[in-house]
Amino acid sequence: LTQEAHVPRIPPAVTAALVLAAASAALVWARAESPPLIPIGLPAPDRQLVEFLLLLPVAALVCCVVRVFIGLHTFGTFAPALLGLAFREVESPVGVFVLVLILAAGWVVRRGLTQLNLLQVPRSAIMLSLIVILLIAYILVAHHRGGSVAAAIPVLPLVIVTGLVERFWATEEEDGTPTAVRTMVATLLTGAAVYLVVRTEFVHDLVVGRPESLGLVVAAQIGLGRYTGYRLLELYRFRDLADESPEKS
Amino acid sequence: MRWLFLAGRLRTRGVLGMNGRNAGALAGLNPRALFPLVDDKLRFGELCHRIGVPTPARFAVFHRHGDLRHLGDVLTVHPDCVIKPARGSSGRGIVLLTGPAERGYRRHNGATATLTELRRHVSDVLSGLYSLGGQPDRAIVQQRLRPHSTFERISHRGTPDVRVVVYRGELALAMLRLPTLESAGRANLHQGGVGVGIDLATGTTTRAVWHRRRVTHHPDTGEPLAERTIPDWPAVLTAAKTVARATGLGFVGVDVVPADVGPVVLEANARPGLGIQSASGIGLRMVLDAIDRKMTNTQCPPMTKE
């Protein structure tokens, strides 16, 4: 044992996280009686944007937890965060269904596009255009049947969806369909987890009602950044090693 | 409840987890500025060349889509070659050609690739489809290494290689990576390659894993995997150590192919995978700590823990 082991030393990251959390909590407490930071008179579209922005760090925190504690790998580190926030705006299972449908249709088109020998960026642009056409078709059908239109469609993650199709296809080519499907399921599950967290009243009231609390979110992110323990899936991955007696060491 | 005990047992065995690797070993010892040196195979090849470590001969480099018209000429001269992205990872985007075929070129798996298909592939490589972070890339056409005859019966096509993990310039762990039918010529474990632990001192294989579970025989050829000796073992280790020290990275995986002409360094990895622990049955944390202890007397600071 080295001498350092005997001296309890708090890592600077932990200090930073604790100070930030304390400051943030103090600020929330001190301003408890003051009017909320986000004015009540904000027009609805602005309010929606502010809510989206304020919930984004929380969504990113959920992605961190999924990666660092569980070890699930997704297409794009923060794509699930945007997906989850998009689910929130949709507020109906139809939206998720539409999303999956678009992914499937995009995948079919992507297969066909391979035959054309196109450069990658124009190819992605074509995918984007086709997804827009699909969405417009859906809107027209929904309108024709008298359903609500704007509320059912997650417009925001269009580019993400295009990226998802492209990544899914590349992964399928390189690592096989099972890996691609597994990563896609992990991405959707993480998106669902983000959705379940950001839709809770507690999170909404805390972050949107008291944006001062974002310090707590960042503190949690710092804490996760220094976590060096095992991920849940690693316990499974290395189970053979754990079951052996350490005779060789 | 069983999970909690599992974590404790893994800690006793000194198994290094991904978070421990990223926050502990990589953060302090591998400065990001050095990553391009190993991530970019062109720069890495030049580094090997400079320090006199054998590396595959380079036939051509494609930088722009306009260069694609020369692909046919290059392949006519070198129909036995490897096409790979300069900044690829996990063996993605690598195509092995073994010679000309009736209507194009023969691939290592027996299929035929036409020139049009290969051009499209190189175009995808240039667009960054296979590169780290999806940035535009270059495509390298280089010599295809012929594995040493020892590996004939324990690998399925492709090129087996030895992954040596070097920590602070010292040898930590080594494993042999064997391609399988499923891994389609690639030796990466998570793509279905077989990992075989190697005793550092003797160069003899010990035990093996396939799909994270222990195996004793190669899944395709049925040959036993243990008790095999890697040819030119001291030269393999010297090459790995020399390259690792030249990169300046404190925690690096070096891939060496024991080829028919002797050990050839293929590439290095600044984020070496943790599967080597399952293959060798030895926890990395334990080995790294031992190296740290060995170095406490020197001026180098020890690795940051927790």
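**A tour of the interface between chains A and B**

Select Arg123(A) and Asp124(B): the two form a salt bridge, and their closest N and O atoms are 3.4 Å apart. Keep in mind that this is a predicted model. Between chain A and chain B the count of salt bridges is two.

Next, colour the helices of chain A.

Now show both sides together. In contact are 37 residues of chain A and 45 residues of chain B. How much area do chain A and chain B bury between them? The value is about 3700 Å², with 51% of it on carbon and sulfur atoms. To see where chain A loses the most area to chain B, select Glu174(A), Tyr230(A) and Arg237(A). Together these residues make up 19% of what the chain A side buries. Ten residue pairs across the interface are in polar contact, both residues being at pLDDT 80 or more.

For the last stop, go to helix H3 (residues 35–39) of chain B and select Asp39(B). Is Asp39(B) buried or exposed? Its relative accessibility is 10%, so Asp39(B) counts as buried, the cut-off being under 20%. Show Arg271(B) as well: its side chain and that of Asp39(B) are joined by a polar contact of 3.2 Å. Leaving aside neighbours within four places in sequence, Asp39(B) is also in contact with Ala86(B), Arg87(B) and Leu132(B).

Conventions
Residues numbered from 1 in each chain as written. Chains lettered and ligands numbered in written order. Predicted model: local features only at pLDDT ≥ 70, side-chain atom pairs only at ≥ 80, totals over all residues. Heavy atoms only, no water. Helix = DSSP H or I, 4+ residues; strand = E, 2+ residues; numbered from the N terminus. Buried < 20%, exposed > 50% of the residue type's maximum accessible area, 1.4 Å probe, protein only. Polar contact = N/O pair within 3.5 Å; in protein donor to acceptor, adjacent residues only side chain to side chain. Contact = heavy atoms within 4.5 Å. Buried area = accessible area lost by both parts, 1.4 Å probe. Salt bridge = Lys/Arg side-chain N within 4 Å of Asp/Glu carboxyl O.
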